[in-house]
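Dear colleague,

Please find below the structure that I am handing over to you. My notes on it follow directly after.

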Amino acid sequence: FFFLMIRRPPRSTLFPYTTLFRSIQHEMSALDASMCLTHDRQMFERLNGILCEPDLIEMIDRLLAEDSYYAQDFEKIDQFRRKFSEMGKQFLINNIQEELEILLAAIDQLVKYLVNNFFVHQELNQNKENFRYSLYPDLRKIWSIENDARYQEYQHKLDEICYEAQDAYKNFRTGIKQNLGL
């Protein structure tokens, strides 16, 4: 009699419940992963609608080659930066979100540099709707060793910031390709 009292119930009574809970949990995690991918793909499409890769590459290439940019190009980058900085966490996949934060920091640094060190270049502005801004155009007007040295310092810093933004975008885009297949 004592032996029967401490005997545990057979496993088979628990089997249907554990299997049911495991299958529900598996289905929910698959649904969550699918919803996460859908959300992040939609977020990337919104991001790409504001600032697409060719626009960013073109602006950075112009900055590196000519030390200048057009107002419309700047507006796209600034709108991208403002919109995605204000929204907080945008991507559900953590490594994409981390790469976006690095990209936003690099673009923020680029925008601040452009605002503080670029000015309307009167001689190059034929188009009154899309002003062209240049890196310290006054330093290029009157050539001197001092002006040239200062300009090269500003130019070197600009190149550094542009390469950082370029690398940050490449890393972000790599994360998008790996995780979202886009």
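Which strands does helix α5 lie across? Helix α5 (residues 94-117) lies across β1, β2 and β3, and runs at about 50° to β2. Such angles run from 0 to 180 degrees between N-to-C directions, with axes taken as lines fitted to C-alpha atoms, for helices over the stretch in contact. Contact means heavy atoms within 4.5 Å.

Conventions

This is a predicted model, in which local features need pLDDT of at least 70 and side-chain atom pairs count only at pLDDT 80 or more, while totals for chains, interfaces and linings use all residues. Residues are numbered from 1 along each chain as its sequence is written, and side-chain values use heavy atoms, with hydrogens and water left out.

Overall composition

The secondary structure of the protein chain comes to 7 helices and 3 strands; helices (H or I, at least four residues) and strands (E, at least two) are DSSP runs, numbered from the N terminus. Read from the N terminus, the order of elements is α-α-α-β-α-α-β-β-α-α. Of the 182 residues in the protein chain, 35% are buried, where buried means under 20% relative accessible area, exposed over 50%, and partly exposed in between (1.4 Å probe, protein chains only). The protein chain exposes about 12,100 Å², of which carbon and sulfur atoms supply 55%; the areas come from the Shrake-Rupley method with a 1.4 Å probe, and for residues only the protein chains shown count as cover. Among contacts between residues at least 6 apart in sequence, 67% join residues at least 24 apart.

The sheet

The 3 strands form an open sheet in the order β1-β3-β2, with antiparallel pairing. Its edge strands are β1 and β2, each of which pairs on one side only. On average, neighbouring strands of this sheet are turned by 30° against each other, direction ignored. Two strands count as paired if DSSP finds at least two bridges between them. Strand β1 (residues 68-70) pairs with β3 (residues 132-135) over 3 bridges, and S68 stands opposite S134 in β3. Strand β2 (residues 118-120) likewise pairs with β3 over 3 bridges. In β3, the bridge partner of F118 is L135, and that of F119 is S134. Helix α4 packs on the sheet, touching β1 and β3, and its direction makes about 80° with that of β1.

Helix α4 (residues 71-86) has 16 residues and reaches 22 Å from its first C-alpha to its last, close to the 22 Å expected at 1.5 Å a residue. The expected span is 1.5 Å times one less than the number of residues. Its buried residues are A71, D73, F74, I77, D78, F80, R81 and F84. After α4 comes G88, whose phi is positive, near 80°. Helix α7 (residues 145-180) has 36 residues and reaches 52 Å between its first and last C-alpha, close to the 52 Å expected. Just after α7, G181 takes a positive phi of about 70°.

A buried aspartate

D40 lies in helix α2 (residues 15-50) and is buried, with a relative accessible area of 0%. The side chain of D40 reaches the backbone nitrogen of I93 at 2.9 Å. Leaving aside neighbours within four places in sequence, D40 is in contact with Q90, F91, L92, I93, I96 and L180.

With kind regards

How values were computed. A polar contact is a pair of N or O atoms within 3.5 Å; within protein, one must be able to donate a hydrogen and the other to accept it, and residues adjacent in sequence count only if both atoms are side-chain atoms.
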